[in-house]
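This report describes selected elements of one chain. The sequence and structure are shown first.

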Amino acid sequence: MATVELSPPDVVIRGRKVVGGVAEGEALVTSQTISGWGGINSLTGEVIENHHELKGISFAGKILVFPGAKGSSGWSGAFHTTRLKGNAPLAMLYSVTTTKAALGAVVMRIPTITDFDADPLTLIATGDRVRVDADAGEIQIWKADK
Amino acid sequence: MVQLTGEEQAMLDGAQGAAVAKAMDLLVRYAEALGAEDFVYTDNVAGVPGSSPQWVKDHYAADGGDYRAVFSRFDLDSDEVVDVPRMTGFSCHLQGGMDPDQWQAMGMTEEAFANFRADEAEVAGHGIQVMKTCTPYLAGNVPVMGEHCAWMESSAVVFANSVIGARTNCEGRESTSAAMLAKRVPNWGFHKDEFRKGQHAIDVGVPVDSIFEWGLLGYFTGAAVEDTIPVLDGQISAPSLIKHKHFGAASASSGGVEMYHMVGITPEAPTREVAFGGADRGERFAYGADQRRATYERLNSIGSSEAVDYVMLGCPHASIDQLAEIARLLEGRRVHENSALWVFTSRAVKATAVASGHAAAIERAGGRLLTDTCSAISQAVPPGTRVAAFDSAKQAHYLPQMMNIEGWFGTTQDCIDAACTAVWKGRLD
């Protein structure tokens, strides 16, 4: 019997490698930008920002799909700290390049892609299975809601 | 691929030692993540090099668990521990974790203070200026127009780009620590002319004057334009330094504004056309009475109890004129027994406040004048704090969610009144 991973993906998106590597896991998607320092608990990976749609939810071990970074210059340091605690995202897909998000991806050393040929925020939903091959610049998506 | 000069390639290859090589390695990875084509030289770097709480040092126990280990493994993201030489570039340490004299009043332990002292000795020993402030431009590091910098601290970055016309991205801890050694940052973003042009317009339709009003406008602006560059025009008149400080800090917190233009006011916006680099583009956001009220209500939506037990001023760190104003507002009054007043500034500005009598005036009224940090950075509030009040939209944005307390945002006068009565009476006129 074919596993879900062996079935062809429902959607494929291409983009530019930010940090190389391959990761596969469950997507956590937000249409809102994320603050690092002061916006997340850097020990647990939980979003703590008031009014944020992910407030109370952790990105640890998830493929984090988000528009980009905002807020404090402590963004990379806060996300870097999640790596020390084993609570970094598995991979990141962001739409808008900022120094915060790019440096955060580098020091977390997780596969990261940006500059997409299609919008991951509309094509990926929380809970979808996603394979990020940053070296090839390819994102494969298996929809959860089929 | 990022193009390296001969000197940069030699640094990467180890010609200036292992630490510089690791710094260049990190900067190359960072430049490629950004899609930068080359580097820009910088001799003005502000960050938080190597400072860490004890648990981070303990995390690197196998590597020695000391400053060297943290600087190598965390700051330079190096797999190996390297000897860290004196920094070659003009390097400054921004805000830190506690007041160097009043740490006990902040609830810090002997162990945490010993760790703070040890880190500070290392920072000074590595040729880094111990500024310990989020406002380096008020404490001895004022870049000039066009100067390429590598600064952390979103409120300082937006000030440097917008008010001074210096050029810096919102750098992080790791990139600034690397730049202190390599004197390079990726030539991307705000280092380039075309990146510095306005992207959206904010039409200000109500008068904006006090730091309270500038904070509201900043918070609105960040929420409207997120991480892009706004061009403000309309009922704004030449803001003083502290008004820029509060506007920029608020816009960087609610959005991610790293540069703004004010037509006829900021140096790269002599005209609307120059600010946009041509005709208007992007969206036009109107800031009128309705938007002003909605912004005020959003900032105050985290307050319900009016029993204020903590007032925090000095975010970003208070300037000398703000300390003079706070001392004046406290004249003949005392902080209420059910409340506390902590005012934060830099060591440099505090020295002037001591000489001018403002420090004594604040202390005589029962307040504390603290340096180096703030409640958000140190995660320290007076014991039992449940409801805080601020004159900074930035602090109102961050501290309540970090400390799980209620918060109010108002004028400096509202805050002093709350400190002296333990009751919040702030209202929008």
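In chain B of this predicted model, five strands form an open sheet with parallel pairing, in the order β13-β12-β11-β14-β15. Strands and helices are DSSP runs, numbered from the N terminus (E, at least two residues, for strands; H or I, at least four, for helices), and two strands pair if DSSP finds at least two bridges between them. Because β13 (368-371) and β15 (406-409) of chain B each have a single partner strand, one side of each lacks a neighbour in the sheet. From one strand to the next, the twist averages 25 degrees.

A second open sheet of chain B has 4 strands in the order β9-β8-β7-β10, also with parallel pairing. Its edge strands are β9 (261-262) and β10 (284-287) of chain B. Helix α8 (211-225) of chain B packs on this sheet and touches β7 (200-208), β8 and β10 of chain B; contact requires C-beta atoms, placed from the backbone, within 7 Å. The direction of α8(B) makes about 160 degrees with that of β7(B), with axes fitted to C-alpha atoms (for helices over the stretch in contact) and angles running from 0 to 180 degrees between N-to-C directions.

| Strand | Partner | Bridges |
|---|---|---|
| β11(B), residues 310-318 | β12(B), residues 341-345 | 4 bridges |
| β8(B), residues 230-236 | β9(B) | 2 bridges |

Ala318(B) has Thr345(B) as its bridge partner in β12(B), and Val231(B) has His261(B) in β9(B).

Residues are numbered from 1 along each chain as its sequence is written, and chains are lettered from A and ligands numbered from 1 in the order written. Local features need pLDDT of at least 70, side-chain atom pairs count only at pLDDT 80 or more, and totals for chains, interfaces and linings use all residues.

Terms used
Two residues are in contact if their C-beta atoms, placed from the backbone, lie within 7 Å.
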